[in-house]
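Thanks, everyone. Let me put the structure up, and then I'll walk through one site and what surrounds it.

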Amino acid sequence: MVLATALAVLTLQACTAPEVRPTAAGAEVQLHGQRGSALLPQHFVEANGVKLRFVERESGDPPVVLLHGDGSMIEDFATSGLLDLTAGPHRVLAFDRPGYCRSERPRDREWTPEAQAEVLAAALARLGVERPVVVGHSWGTLVALALALDHPAAVSGLVLVSGYYYPVPRPAAALAALPAVPVLGDAMRYTVAPVLSALLSPGLIAKAFDPAPVPPRFAAGFPVWLTLGPGHIRASAEDSGLLMPSAAGFEHRYGELRLPVAIVAGAEDRIVDPGLHSVRLHRELPGTTLRVVPGQGHMVHHGAAGVVANAVEAVAAAAWQAPVSHAVRLPCPAAGRQPFSGSVPFRYAARKPCAAVEVAHSASSR
């Protein structure tokens, strides 16, 4: 009976999911057509008994680490162009978080942001990656924050993109967590969940990019079919169930951060309200900068990869000029040399001096 009820709910969601929006080139996300999408050249590192998949580009200090969101994988950063934009001046490493794509997720622990950060900190140490700037997107921002809070000597700065930082109720997260329920979840992941995920994915992807179209590069190059495996679904479901409690646990710890932090959000994000999360975090955490990108949604790092890359450069410059033990405030742009322009929408106006909130043009390159 429980399984039947869950199946009915998921089927209803599949039938009412948003319609797929055309991309700028008229393409659509086609799950079966993407089975030929090849994974990036990959490496593996074992840390704390967990094997993690990662890709690495170029060399240079400070290094940059990229952490994807719920349900995603490394290829998200490749198709957005962010991997290439940050490589060159930096050694860049992008990881599949535990359980996603080819990374392991043993059942011997609860995979909270803190647990994931502990494994990643050990992996970075094994790879000789010292004090990176950590870029987190969506759920990956919680892991980035856990790294900075629990392993402060291992991180030099943060770039937080489209993050969920406060325990705002999200009924959809509870539904998405169903495949993680013991016994019931196991049955779902090997039977109905992959089929329903395939039905839901095009609409959910469109919603994540909305109001921007799904880029042709993502539609052609992101291997959506790999997200339909039982292990990937379990990881995503567990992360969904941990979303609110994790944010609640961090809510009163943000003041402990003693490193430069840049926050980036899409002004029209339909997944995570930027006013309730990114703007609030910026107001409550002194020394941060916030870039709100008009016309972009949750996947702002695709439509405005250059904005995120500029944020990485600003954080890197500030971080490597300051002692690790001191709080760092990102400099306000000098008059006449502001990298961003435009007026701040009223709902995102900040009670901070010196143009700390900027409305960024959604340029895709620096």
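S138 sits in the loop between β5 (133-137) and α5. Strands here are DSSP E runs of at least two residues, helices H or I runs of at least four, numbered from the N terminus. This is a predicted model: local features need pLDDT of at least 70, side-chain atom pairs count only at pLDDT 80 or more, and totals for chains, interfaces and linings use all residues. Residues are numbered from 1 along each chain as its sequence is written, and side-chain values use heavy atoms, with hydrogens and water left out.

Is S138 buried or exposed? S138 counts as buried, because its relative accessibility is 16%. Buried means under 20% relative accessible area, exposed over 50%, partly exposed in between (1.4 Å probe, protein chains only).

Which side chain does S138 join in a polar contact? That of H298, at 2.8 Å. Such a contact is a pair of N or O atoms within 3.5 Å; within protein, one must be able to donate a hydrogen and the other to accept it, and residues adjacent in sequence count only if both atoms are side-chain atoms.

Now the strands. β5 and β6 run parallel, joined by five bridges. Pairing needs at least two DSSP bridges. V134 has L158 as its bridge partner in β6. On the other pairing, β6 and β7 (residues 261-266) are parallel too, over four bridges. There, V161 partners V264.

Finally, β6 itself, residues 157-161: five of its five residues are buried. G157, V159 and V161 point one way, L158 and L160 the other.
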